[in-house]
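The sequence and the structure are shown first.

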Amino acid sequence: MLVLAAIWGCSFMFIAVGVRELHPAYLALGRVACGSIALLMILAIKRESLPRDPRVWLHALVLGAIGSAIPWTLFGYGEQRVPSLLAGIWNGIVPLIVLPLAVFVFRTEKLSSERAAGLLIGFSGMLVVLGVWNIEGGADPVGQILCMTAAVFYGIGIPYQKRFMAGMNISGVALSASLLLCATIELAVIAPIVSRHVPPAPWSLSPEVVGSVIALGALGSGLAFVLWLRTIRLIGASKSALVTYLMPIFATVAGVVVLGEDLTWYQPVGAVVVLCGVAVAQSVFRIGQWPWATVVGRTAVPQAEKPETPSSS
């Protein structure tokens, strides 16, 4: 889990390096292309094939866009304006985005008092990360909105996949390969239109940028997914989801130590509040067990309403 959190957390550092010489859309294209190659190699080693059901590919086109192509491009645009560590912190709000969409839109989850409290705590943490009292002196608001929007697309993709693809008989590696292949096709069409120029030749890029693209694809979208599946098999989906709490830590350390980015006091404080909200929403911290719960009323979490098992999202 630590290795997985390190790979995904450091992805924001690699994005920051990549956008120095590549347009965000081309950086995302390189990432999904490298990730597709890595997963196709894994499928070949495991002697598995890609899905043949047309329904899988139809949903893969949607998920490839909202789960990979769009958010990875938006994070690239965002990191042209804000530090990579801040983008990593914004990624931590994904579970808070997933919950209301899963409850009210896709109807795959139920809303409990603990989850509602987690949403409120997480929302207050988002305001702290934004530094709403210090708009003029804080990080670029447009960049922060772009990163937050990228997290929203992640939040849409997770319940969409659970609603429409959870029951399909398909391996996780094959599914991910199909998603990245669809994202590659989509970005290959859209990137030249968005950027308004052809991509630079690979040999004209610096070794740091080339390495960042390969790391984002082969590690962040290839090896990391295999580690994710292995982690789920070893300790279960609910405990594996705790990687969400570790990613912002690695993103912050990489941004400060490697890239020399500045960190304001309220950004990590807000991140902690957000992650506490995520923990409450996922029943990791149960409000009914907090000391003050008996003061405000023993009905804070009704005994007849047991918290549900946290989802893999």
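## Aromatic pairs

Tryptophan 8 and tryptophan 228 are both buried (under 20% relative accessible area with a 1.4 Å probe and protein chains only; over 50% is exposed, and values in between are partly exposed). The model is predicted, so local features need pLDDT of at least 70 and side-chain atom pairs count only at pLDDT 80 or more, while totals for chains, interfaces and linings use all residues. Residues are numbered from 1 along each chain as its sequence is written, and side-chain values use heavy atoms, with hydrogens and water left out.

The structure holds five aromatic pairs. Rings of Phe, Tyr and Trp (its six-membered ring) pair if their centres lie within 6.5 Å; planes under 30 degrees apart count as stacked, over 60 as edge-to-face and the rest as tilted. One of the pairs joins tryptophan 8 and tryptophan 228, which are tilted at 50° between the planes and lie 5.8 Å centre to centre. This pair links distant parts of the chain, 220 residues apart: tryptophan 8 belongs to helix α1 (residues 2-18) and tryptophan 228 to helix α9 (residues 207-235). Helices here are DSSP runs of H or I with at least four residues, numbered from the N terminus.

The ring centres of phenylalanine 12 and phenylalanine 75 are 5.3 Å apart with the planes at 75°, so this pair is edge-to-face. Phenylalanine 12 lies in helix α1 and phenylalanine 75 in helix α3, so the pair ties together parts 63 residues apart in sequence. Phenylalanine 12 is buried with a relative accessible area of 6%, and phenylalanine 75 is buried at 1%. Phe12, Phe75 and Tyr154 form one aromatic cluster.

## Charges over rings

The charged end of arginine 31 sits over the ring of tryptophan 72, 3.8 Å from its centre. For this contact, NZ of Lys or CZ of Arg must be within 6 Å of the ring centre and within 35 degrees of the ring normal. Arginine 163 lies over the face of phenylalanine 164, at 5.1 Å from the ring centre.

## Helix packing

The axes of helix α3 (residues 54-78) and helix α7 (residues 141-164) come within 8 Å and cross at roughly 165°. Axes are lines fitted to C-alpha atoms, for helices over the stretch in contact, and angles run from 0 to 180 degrees between N-to-C directions. The two helices α3 and α7 are therefore roughly antiparallel (angles over 145 degrees; under 35 is roughly parallel, 65 to 115 roughly perpendicular and the rest oblique). The residues of the contact of α3 with α7 comprise 18 nonpolar, seven polar and no charged. In this division, Ala, Val, Leu, Ile, Met, Phe, Trp, Tyr, Cys and Pro are nonpolar, Asp, Glu, Lys and Arg are charged, and the others, Gly among them, are polar.

Helices α1 and α9 pack with their axes 9 Å apart, at an angle of about 155°, which makes α1 roughly antiparallel to α9.

## A covered helix

In helix α4 (residues 84-91), eight of the eight residues are buried, including Leu85, Ile89 and Trp90. Alanine 87 and alanine 16 are 71 residues apart in sequence and 9.6 Å apart in space, C-alpha to C-alpha. Alanine 16 is located in helix α1 and counts as buried at 12% relative accessibility.

## Positive phi in loops

Arginine 47, although not a glycine, has a positive phi of about 55°. This residue is found in the loop between α2 (24-46) and α3, and arginine 47 is exposed at 80% relative accessibility.

Arginine 196 has a positive phi near 65° and is found in the loop between α8 (172-195) and α9. Arginine 196 is exposed, with a relative accessible area of 78%.
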